[in-house]
Amino acid sequence: MVARCKEGDRKAQYELYKLYSKSMFNVSMRITNDYTEAEDVLQEAFLSAFRELNSFKGDATFGSWLKRIVINKAITKVRSRRLQVVPIEEHQDFAEEAPDYDQEEMDYKVDCIKKAIQALPDGYRVVLTLYLLEGYDHGEIAEVLGISEATSKSQYSRARKKLLTLMKEETFLA
């Protein structure tokens, strides 16, 4: 199907769009936290992918290549809203910051967690989403966002703490 798209086959492009649009929209929505922006990112990503399809070498799956485009476009969209990354000192020990998890925290429902993630500030939500949901490591996040790896770790740690605080509030309880 990708080969047919490279030849300009519109039907194949539509099939690829149908195949990946829902999952790519979800990725975009998790990062932008805005339905309209997520739609814009999805459209821009597919246009970019089809325009640059000849640069796709097949080293990875088309889906992972497209996902990278969606993530980059979503981050650009969030940055346009003035992504605020809180600076930290470079030599902070992150292992001491890890909160203890108990069974009560593990029992929260998925919907409560989604609502709480959506309530996080942009900088926290983007790093948390890339790390936890998209499987990026802190080095990759640092490269994508143009921040240091230490800042990525700090943002993640703070996002996790904020998430736990939010989930204890009544508005996020199911």
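This is a predicted model: local features need pLDDT of at least 70, side-chain atom pairs count only at pLDDT 80 or more; totals for chains, interfaces and linings use all residues.

Me: OK, is Lys67 buried, exposed or partly exposed?

Reply: Lys67 counts as partly exposed, at 26% relative accessibility.

Me: And what does Lys67 form a salt bridge with?

Reply: Glu134, with the closest N and O atoms 2.8 Å apart. A salt bridge here is a side-chain nitrogen of Lys or Arg within 4 Å of a carboxyl oxygen of Asp or Glu. Lys67 lies in helix α4 and Glu134 in the loop between α7 and α8, so the pair ties together parts 67 residues apart in sequence. Helices here are DSSP runs (H or I, at least four residues; strands are E, at least two), numbered from the N terminus.

Me: Is Glu134 buried or exposed?

Reply: Glu134 is buried, at 9% relative accessibility. Its side chain also meets that of Arg30 in a salt bridge (2.6 Å, N to O). Arg30 is in helix α2, so this pair ties together parts that are 104 residues apart in sequence. Arg30 itself counts as partly exposed, at 30%.

Me: How many salt bridges does the count come to?

Reply: The count comes to 7. One of them pairs the side chains of Arg4 and Glu15 (3.8 Å, N to O). Arg4 sits in helix α1 and Glu15 in helix α2, so that pair ties together parts 11 residues apart in sequence.

Me: Switching to the core: which residues touch the most other members?

Reply: Ile31, Phe62, Leu66, Ile75 and Leu130, out of 46 residues in the largest nonpolar core. Such a core is a set of buried Ala, Val, Leu, Ile, Met, Phe, Trp, Tyr and Cys residues joined through side-chain atoms within 4.5 Å.

Me: Which element gives the largest share of this core?

Reply: That's α4, with 9 residues.

Me: And what does Ile31 touch?

Reply: Leaving out residues up to four places away in sequence, Ile31 touches Ile71, Ala74, Ile75, Val78, Arg125, Val126, Thr129 and Leu130. Contact means heavy atoms within 4.5 Å.

How values were computed:
Residues are numbered from 1 along each chain as its sequence is written. Side-chain values use heavy atoms; hydrogens and water are left out. Buried means under 20% relative accessible area, exposed over 50%, partly exposed in between (1.4 Å probe, protein chains only).
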